[in-house]
Amino acid sequence: MHAAVVHALGQPPRYESVPEPAPAAGEVVVEMLAAALYPLVRSFASGGHYTGGDALPLVPGFDGVGRTTEGGLVYIPGLEPPRGTMAERVAVPAASLMPVPDGLDPAVVATAMNPASSAWIALRERARLRGGESVLVLGATGNAGRAAVRLALDQGAGQVVAAGRDPLGLQDASALGAARTVLLDGPGAEVTDAFGAAAADADIVLDYLWGRPAELALDGILRHRADPTRTLRWVQVGSAAGPDMTLPSAWLRKADVDICGSGLGSISAARRSACLRELLARLPSLAPTGEIVPVPLAEVHTAWETPLRSGSRIVFVPAGGEERHSGAAQLRKDREAV
Ligand SMILES: NC(=O)c1ccc[n+]([C@@H]2O[C@H](COP(=O)([O-])OP(=O)(O)OC[C@H]3O[C@@H](n4cnc5c(N)ncnc54)[C@H](OP(=O)(O)O)[C@@H]3O)[C@@H](O)[C@H]2O)c1
């Protein structure tokens, strides 16, 4: 069979012949139908993820959708490197498999689950969103941020403020229901004031960026907060703008600020699994928030480095057929557009 294989950390994988998977006790073989490419997958493949290792060669791909030998569609919630889902077949612990609700397209599920679960877990397990609260999504133009705008409203937020550096992406966030937007552009003092005007009353921040944008957002909120004792729950989810930020100690004394993180290490495996099952059941009523670009797994090497429009996501489909052609054509269109 074939798989994507990384031989050097940080280098794009190659499509290669590999041995068939050998299931261990309690594992079953699943035929893969769709596995998406997103920051965590790249991070594992570069050896840079906080839970990953550096074993090589590795097959990239964290989660995905496949078919069991009985014919059922299943969601695979995550494989530990060097095992990965970007292969024609994978061996997976049987107990981890989650049935995909009827009528859902494998590519949609594979594309939606990582970004949507980032918001679902952060909102429900970490921030514990209560109905009517105000949520700022910092980094609302990417796949996870868009899902966060949609899910915060779906879960009862009274208002969502969307912040990002891409004006067109912010328009999309408004179309998804964000009441206000903050453009991360211009002098720092102006951006700080914009956060103060739009999000001073935020109860929750879902932070996909960290770095300078997080400094400006927290500064702006704290400078303009009417009641500093109103708790601000800041959930750190991603670091797309940088791994570090400067956090003056006074910011933590001048107001009631709770900062926590949401990631693979901050929730038990059992709770994560329960959240993913809840989210899967919810997916049929949540339309996709971004553009899905199916690409044949055989093209993994070139597709890996292809820049896509904000909010678009590549999903590798091992099997050919119609999708093979539409995926390749779509990718070419996207390359031309960027
Ligand atoms: N902890 C979790 O459970 C979890 C789960 C999923 C994702 N994440 C993390 O969340 C982050 C976003 O993931 P994603 O799936 O949405 O990725 P994505 O679709 O690639 O989007 C990346 C986002 O980051 C923005 N961005 C990148 N550099 C920036 C900068 N210097 N200043 C401002 N914005 C910047 C992009 O803005 P443009 O739109 O302008 O390009 C885009 O909105 C990543 O760090 C990812 O690892 C965490």
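**Leu247**

I began with the contacts of Leu247 (contact means heavy atoms within 4.5 Å): leaving aside neighbours within four places in sequence, Leu247 touches Leu218, Leu252 and Ile259. I am working on a predicted model, where local features need pLDDT of at least 70, side-chain atom pairs count only at pLDDT 80 or more, and totals for chains, interfaces and linings use all residues. Residues are numbered from 1 along each chain as its sequence is written, and side-chain values use heavy atoms, with hydrogens and water left out.

I placed Leu247 in the loop between strand E12 (232-236) and helix H7 (249-253); helices (H or I, at least four residues) and strands (E, at least two) are DSSP runs, numbered from the N terminus. Between the C-alpha atoms of Leu247 and Leu218 I found 9.1 Å, with 29 residues separating the two along the chain. Leu247 has 32% relative accessibility, so I logged this residue as partly exposed (buried is under 20% relative accessible area, exposed over 50%, partly exposed in between, with a 1.4 Å probe and protein chains only).

**Glu125**

Next I looked up Glu125, which sits in helix H2 (residues 106-126). Glu125 counts as buried because its relative accessibility is 15%. Its side chain makes a polar contact with the side chain of Arg271, at 2.7 Å (a pair of N or O atoms within 3.5 Å; within protein, one must be able to donate a hydrogen and the other to accept it, and residues adjacent in sequence count only if both atoms are side-chain atoms). Beyond four places in sequence, I listed Trp120, Ile267, Arg271 and Cys275 as contacts of Glu125.

**H2 and H3**

I then followed H2 to helix H3 (residues 143-154): their axes come within 8 Å and cross at roughly 45° (axes are lines fitted to C-alpha atoms, for helices over the stretch in contact, and angles run from 0 to 180 degrees between N-to-C directions). That makes H2 oblique to H3 (under 35 degrees is roughly parallel, over 145 roughly antiparallel, 65 to 115 roughly perpendicular, the rest oblique). Among the residues making the contact are Trp120 and Leu123 of H2 and Leu151 of H3. By class I noted 10 nonpolar, 2 polar and 1 charged (Ala, Val, Leu, Ile, Met, Phe, Trp, Tyr, Cys and Pro are nonpolar, Asp, Glu, Lys and Arg charged, the others, Gly among them, polar).

**H5 and H6**

Last, I checked helix H5 (residues 188-199) against helix H6 (residues 211-224): the axes come within 7 Å and cross at roughly 55°. I put H5 down as oblique to H6. Their contact includes Phe195 of H5 and Leu216 of H6, and its residues divide into 7 nonpolar, 5 polar and 3 charged.
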